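Here is a quick walk through one model, from its helices to its rings and surface. Have a look at the structure first, then read on.

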Amino acid sequence: MSQSYNRGLVEDFGRWTEFSAGMWAWIFHKFTGWVLVGYLFTHIAVLSTATVGPETYTATIQGLESLFIVRVLEVGLLAVAVFHILNGTRLLLIDLGVGLDSQDKSFYASLVLTGVIAVASVPTFLAGVF
């Protein structure tokens, strides 16, 4: 028999503070996976403008690249992809039995490395927007 958790009438948001690094890694991995799947639909929509003609595709890309918000979203997309890759590699190594004792440290390391890469990419992505 499984135990049930009585949540009452109002959700107890205090329990989120009890989550361990492993739970946050799972949540972030699922979230970044869904963001990447959602991005694929946008990517396909932009690429489909090439079927109309090269001029339409070029105009679409130039129009999107001229928007500041698109450049910021590109940095976010890079951060999402980098974290998903690093966390996926971390999970693969853990499944192979490597680093079982340092799962929390490897999760935090993947977060820090993602942040460093995303921050370092900002000048590249924002070049030419202003």
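## Helix 3 and what follows

Gly97 comes after helix 3 and has a positive phi, near 95°. Helices here (H or I, at least four residues) and strands (E, at least two) are DSSP runs, numbered from the N terminus. Before going further, a word on ground rules: this is a predicted model, where local features need pLDDT of at least 70, side-chain atom pairs count only at pLDDT 80 or more, and totals for chains, interfaces and linings use all residues. Residues are numbered from 1 along each chain as its sequence is written, and side-chain values use heavy atoms, with hydrogens and water left out.

## The overall fold

The protein chain has 4 helices and 0 strands, giving the pattern α-α-α-α along the sequence. Of its 130 residues, 18% count as buried, where buried means under 20% relative accessible area, exposed over 50%, and partly exposed in between (1.4 Å probe, protein chains only).

Among contacts in the chain with a separation of 6 or more, 69% are between residues 24 or more positions apart; contact means heavy atoms within 4.5 Å. The accessible surface comes to about 9400 Å², with 70% of that belonging to carbon and sulfur atoms. These areas come from the Shrake-Rupley method with a 1.4 Å probe; for residues, only the protein chains shown count as cover.

## The buried side of helix 3

Which residues of helix 3 are buried? They are Val70, Arg71, Val75, Val80, Val82, Phe83, Asn87, Arg90 and Ile94. These buried residues pack against helix 1 (21–47), helix 2 (54–65) and helix 4 (103–126).

Ala25 gives a view from helix 1. Ala25 counts as buried because its relative accessibility is 2%. Leaving aside neighbours within four places in sequence, Ala25 is in contact with Asn87, Arg90 and Phe107. Ala25 and Gly88 are 63 residues apart in sequence, yet 9.9 Å apart in space, C-alpha to C-alpha.

## Rings

A search of the whole structure turns up 5 aromatic pairs. One of them is Phe107 with Tyr108, a tilted pair at 5.5 Å centre to centre and 50° between the planes. Rings of Phe, Tyr and Trp (its six-membered ring) pair if their centres lie within 6.5 Å; planes under 30 degrees apart count as stacked, over 60 as edge-to-face and the rest as tilted.

Phe107 is buried at 2% relative accessibility, whereas Tyr108 is partly exposed at 45%. Ring pairs link Trp24, Phe28, Phe83, Phe107 and Tyr108 into a cluster.

## Salt bridge and nonpolar patch

The structure has 1 salt bridge, which needs a side-chain nitrogen of Lys or Arg within 4 Å of a carboxyl oxygen of Asp or Glu. The side chains of Arg71 and Glu65 meet in a salt bridge at 3.0 Å, N to O. Arg71 is buried, with a relative accessible area of 11%, while Glu65 is partly exposed at 27%.

On the surface, Leu64, Leu67, Phe68, Ile69, Val72 and Leu73 form a nonpolar patch with about 520 Å² of accessible area together. Patches are made of residues with over 30% relative accessible area and no salt bridge; like charges are joined within 9 Å, and nonpolar side chains (Val, Leu, Ile, Met, Phe, Trp, Tyr) within 5 Å. Helix 3 gives the most to the nonpolar patch, with 4 residues. Val72, in helix 3, is partly exposed at 36% relative accessibility.
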